Amino acid sequence: MDQVSFCASQFSGITNPKLGMLAPGQGTSVWALGLLITIKALGSENGGSYSLSEMVVYPGQEVSRHLHTSEDEMWYMLEGELIWNLGGRESLGRKGSFIHLPRFIPHSFMNKSDKPARMMLMYTPGGFEQWYLDVGKKVHDISDLPPEVTADELSQALQRGQEYGIMFVDHDLEELSHGKLSKGAHYR
């Protein structure tokens, strides 16, 4: 008979008491570069296999073209519309759209509508969600509008992004750190 062996980390999801159901609005919420991020599951809570967050992108916000070198991303749009650039192809994402982004695929998105867009975001493996916690500001009232992003915050976020394997495609870090991340974002 063949032997089968298991690693203890394979059972972390079964034995970790932090996993369970979160009610609507629960999770850890931060403002990260003007985006509202609510982390629902940390990679550290499930053996590093994934992380899950909810993201709100407000009208006029844009995330510059970049790629991830360490994780794949999956997005599911819950409401609103975003214009996505996925590997050089532009697409309109709206409620019910699913976006799969393997690592090393350049991508960006922008909200040109007059309503917020809301989506779920999963990273696999987990770990990148820690970047949001590292660079984000604690949310005190979820109904507030996003705070303006200062040049110092942007610079710190970009530097920390390098540590997490983010590569910006169209800009160099010097240009980005001087508030030129995107045309539609509001930086002071």
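**Which strand does S29 lie in?** S29 lies in strand β1, residues 28-32. This is a predicted model: local features need pLDDT of at least 70, side-chain atom pairs count only at pLDDT 80 or more, and totals for chains, interfaces and linings use all residues. Residues are numbered from 1 along each chain as its sequence is written, and side-chain values use heavy atoms, with hydrogens and water left out. Helices (H or I, at least four residues) and strands (E, at least two) are DSSP runs, numbered from the N terminus.

**View 1. Surroundings of S29.** S29 counts as buried because its relative accessibility is 13%. Buried means under 20% relative accessible area, exposed over 50%, and partly exposed in between (1.4 Å probe, protein chains only). The side chains of S29 and T38 are joined by a polar contact of 2.7 Å. A polar contact is a pair of N or O atoms within 3.5 Å; within protein, one must be able to donate a hydrogen and the other to accept it, and residues adjacent in sequence count only if both atoms are side-chain atoms. Beyond its neighbours within four places in sequence, S29 is in contact (heavy atoms within 4.5 Å) with L36, I37, T38, K137, K138, V139 and I142.

**View 2. The largest nonpolar core.** This core has 26 residues. M55, W75, W84, F109, M119 and Y132 have the most contacts inside it. The largest share, four residues, comes from β10. A nonpolar core is a set of buried Ala, Val, Leu, Ile, Met, Phe, Trp, Tyr and Cys residues joined through side-chain atoms within 4.5 Å. Leaving aside neighbours within four places in sequence, Y132 is in contact with V30, A32, I37, I39, M55, L121 and Y123. A second, separate core of five residues includes W31, L36, Y58 and V139.

**View 3. The open sheet.** Seven strands run in the order β8-β5-β10-β3-β2-β1-β11, with antiparallel pairing. Two strands pair if DSSP finds at least two bridges between them. β8 and β11 (137-138) stand at the edges with a single partner strand each, so one side of each has no neighbour in the sheet. The antiparallel pair β5 and β8 has four bridges. W75 stands opposite I99 in β8.

View 4. Most residues other than glycine have a negative phi, and most peptide bonds are trans. The T124 to P125 peptide bond is cis, with omega near -5°. P125 lies in the loop between β10 and α2. L33, in the loop between β1 and β2, has a positive phi near 50°. F104, in the loop between β8 and β9 (107-110), has a positive phi of about 75°.
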